[in-house]
Amino acid sequence: MIYKTVEELREACKFWQEILSLEDWQVVIRFARVYEIGEDSQGRCNWVLERKEAVILILDHQDWDPDCAFEQDHERTIIHELCHLHFAPFFGEETPDHKIEKEQAIHAVSRALIRIKVVRRL
């Protein structure tokens, strides 16, 4: 799914916060350019666990790499970034030892949720 407006982005974030039981988090979401997020990333989530506040940056579709071998999808990226909030208490400061495993787990959960949405037509 590609979102063109910030309002669409916010609505999708709110929908997935409810599905993921993250309504108690205050989440600010916006589009960002590649120089804000970093190369080879479609999103980024920064959080303050103690206050349950997060800022999610979603790569603007203008910066998507047309030669990317993998599907680029705003909705899956929103889910992925929200899932970081559930994992945050377990990983705290990110270390290289756990980064790959955490990202793989979050990516798998994100893909599964999108498949469920499609099958159930949520």
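**Close-up 1. Salt bridge between Glu 36 and Arg 30 in the predicted model**. The side chains of Glu 36 and Arg 30 form a salt bridge, with 2.8 Å separating the closest N and O atoms. Glu 36 has a relative accessibility of 24% and therefore counts as partly exposed. Arg 30 is likewise classed as partly exposed, because its relative accessibility is 35%.

**Close-up 2. Salt bridge between Asp 63 and Arg 33**. The closest N and O atoms of Asp 63 and Arg 33 lie 2.7 Å apart in this salt bridge. The pair links distant parts of the chain, the two residues being 30 residues apart. Asp 63 belongs to the loop between β3 (53–59) and α3 (74–91), whereas Arg 33 belongs to the loop between β1 (26–32) and α2 (34–37). With a relative accessibility of 30%, Arg 33 counts as partly exposed.

**Close-up 3. Salt bridge between Glu 75 and Lys 117**. Glu 75 pairs with Lys 117 in a salt bridge whose closest N and O atoms are 2.7 Å apart. Distant parts of the chain are linked here: Glu 75 is in helix α3 and Lys 117 is in helix α4 (residues 96–120), at a separation of 42 residues. Both partners, Glu 75 and Lys 117, are buried, that is, under 20% relative accessible area.

**Salt bridges in the model as a whole.** The count for the predicted model comes to 5 salt bridges. Among them are the pairs Glu 36 with Arg 30, Asp 63 with Arg 33, and Glu 75 with Lys 117.

How values were computed: Residues numbered from 1 in each chain as written. Predicted model: local features only at pLDDT ≥ 70, side-chain atom pairs only at ≥ 80, totals over all residues. Heavy atoms only, no water. Salt bridge = Lys/Arg side-chain N within 4 Å of Asp/Glu carboxyl O. Buried < 20%, exposed > 50% of the residue type's maximum accessible area, 1.4 Å probe, protein only. Helix = DSSP H or I, 4+ residues; strand = E, 2+ residues; numbered from the N terminus.
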